[in-house]
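Subject: The structure for you to look through

Hi,

Here is the structure I promised to pass on.

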Amino acid sequence: MDNQSAPQKPRSKKPRKSYRKPKRQEDASQNKPESGAVWSIDDFQVAEVEGKVRFHDLNLPDRVLKSISEMSFEYCSEIQAATLPETLQGYDLIGQAQTGTGKTAAFLIAMISDFIDYPIEEERDSRLARGLIIAPTRELALQIADDAVKLTANSDINVVSLVGGLSYEKQKQTLETERVDIVVATPGRLMDFARNKKVLLNKVEALVLDEADRMLSMGFIPDVKSIIRMTPHKEKRQTMLFSATFPKDIQNLARQWTYFPKEVSVVPEETTNKNIEQVIYSVEADQKWPVLESLIKEKDNQRTIIFANRRDETRDLYERLKDAGVNCAMLSGEVSQDKRVKTLANFKNGRIQVLVATDVAGRGIHVDGIELVVNYSLPEDPEDYVHRIGRTGRGGESGKSVSFASEDDAFMVPEIEKVVGEKIRCEYVSNN
Ligand code: AMP
């Protein structure tokens, strides 16, 4: 990312301050939890450790700290420590970070703290959104909404998710009955509701664009542009844009949409996680299935994701695994959204052991404890390799990835090695 030549200065909060209260009027100790016990910051003891930033050190509202303690977070992740001091002051942000870094909590904590510190006192149209988060896939949007609900649990901030593939009617009803404070949305569905004025974006104070590179590759940029035009001018909103990669197009859009942004990057040098043991199995195409079957059976009870390149390949694998008695499910574009949400929940709670997924469906799966990622076919885009294997080795745990390379896709290996910045160990699977 190039540095913006203009001087860095905070975006003034003046234009929207007139109706706001001064900072820190609230106190979570007034919030009596169900048990009747009163919560205080003393209940959230975290030792000071050199080199680590505690959430206590950031002057966050107690209500946010309480939610953070309920989520069992203690210290800021790198992206949180690098961005929160800036975003909490109202700076715009261009952040380079992948999933697994804690970027979701990074932007949510900034947004929610601001809304708690500056509550809106006046009567206002319940359709007016204060915060808007746009994500490219339903899975990602729903996971962000999940975290947003947890982080707002001790406040009266309401979170609404507007995502494609789930019931339009239900979401419409929610908009008609609930106050919209924070909207988490995918672009298409949001466009529908915004055009019909079921949700109003002209008073948005904070805008988050998550996985901007994916939005670009999935063709969402025209929709996103229209949506952004419905929000206040960039000087009058806080914009936080995240992307794992910054090709020229994304750099240009990021610059267009933000106002004197701070730029933060937490991509590790080697791009992929050190905790992931990567291996390539060099196989003949007709060996892939028997090798996979024995691998899965050998790794009995390990939480595993298998990636395939196409829907039909995904279905075929899923059926073969099921026939082989493996406890598995499929996540691809042909699976209804309801089913996908249930499948993910069952994968998270351990009822399903193996998930067969395409890149789009598998993207943004934030499930901890995935022990093995299998690339049944190598992805066409080497960046997808990084995203795929990044499903494992999260949160400091160790993980393993096994990639099959046959005569059809072995030519991809050097490209992939370039992106991951290292040579990947290769094992030859013999034919007998
Ligand atoms: P994300 O990169 O937003 O997908 O977050 C990855 C995972 O890290 C999620 O399971 C979060 O709940 C978790 N997480 C985020 N921030 C923290 C933190 N400060 N401490 C511990 N876990 C965290």
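This is a predicted model: local features need pLDDT of at least 70, side-chain atom pairs count only at pLDDT 80 or more; totals for chains, interfaces and linings use all residues.

Below is what I found in it, starting with the overall picture.

Residues are numbered from 1 along each chain as its sequence is written, and side-chain values use heavy atoms, with hydrogens and water left out.

The protein has 15 helices and 14 strands (DSSP runs numbered from the N terminus: H or I of at least four residues for helices, E of at least two for strands). Of its 432 residues, 54% are buried (under 20% relative accessible area; exposed is over 50% and partly exposed lies in between, with a 1.4 Å probe and protein chains only). Take the contacts (heavy atoms within 4.5 Å) with a separation of 6 or more: 77% of them link residues 24 or more positions apart.

Now the inside. The largest nonpolar core has 46 residues, and Phe55, Ile109, Ile133 and Ile182 touch the most other members. By such a core I mean a set of buried Ala, Val, Leu, Ile, Met, Phe, Trp, Tyr and Cys residues joined through side-chain atoms within 4.5 Å. Helix α3 gives the largest share, ten residues. For Ile133, setting aside neighbours within four places in sequence, the contacts include Phe107, Leu108 and Met111, as well as Ile182 and Val208. There is also a second, separate core of 32 residues, with Ala194, Val204, Ala254 and Trp257 among them.

Next, the sheet. Seven strands make an open, parallel sheet in the order β3-β4-β2-β5-β6-β1-β7; two strands pair if DSSP finds at least two bridges between them. At the edges are β3 (159-162) and β7 (262-265), each pairing on one side only. From one strand to the next the twist averages 15°. Strands β5 and β6 run parallel and are joined by four bridges; Leu207, for one, has Thr239 of β6 as its bridge partner. Helix α9 (residues 248-257) lies across β1, β5, β6 and β7, at about 170° to β6 (axes are lines fitted to C-alpha atoms, for helices over the stretch in contact, and angles run from 0 to 180 degrees between N-to-C directions).

Strand β9 (residues 304-307) is worth a look too. Both of its faces are covered: Thr304 and Ile306 on one side, and Ile305 and Phe307 on the other, are all buried. It is joined by four bridges to β11 (residues 354-357), running parallel, and by four bridges to β12 (residues 372-375), also running parallel. Ile305 has Leu355 as its partner in β11, while Ile306 stands opposite Val374 in β12.

Further along, helices α14 (residues 382-389) and α15 (residues 413-420) have axes that come within 8 Å and cross at roughly 60°. On the α14 side the contact involves Pro382, Glu383, Tyr385 and Val386, and on the α15 side Glu415, Ile416, Val419 and Val420.

Last, Gln173 in helix α5 (residues 168-177). It is partly exposed, with a relative accessible area of 49%.

Cheers
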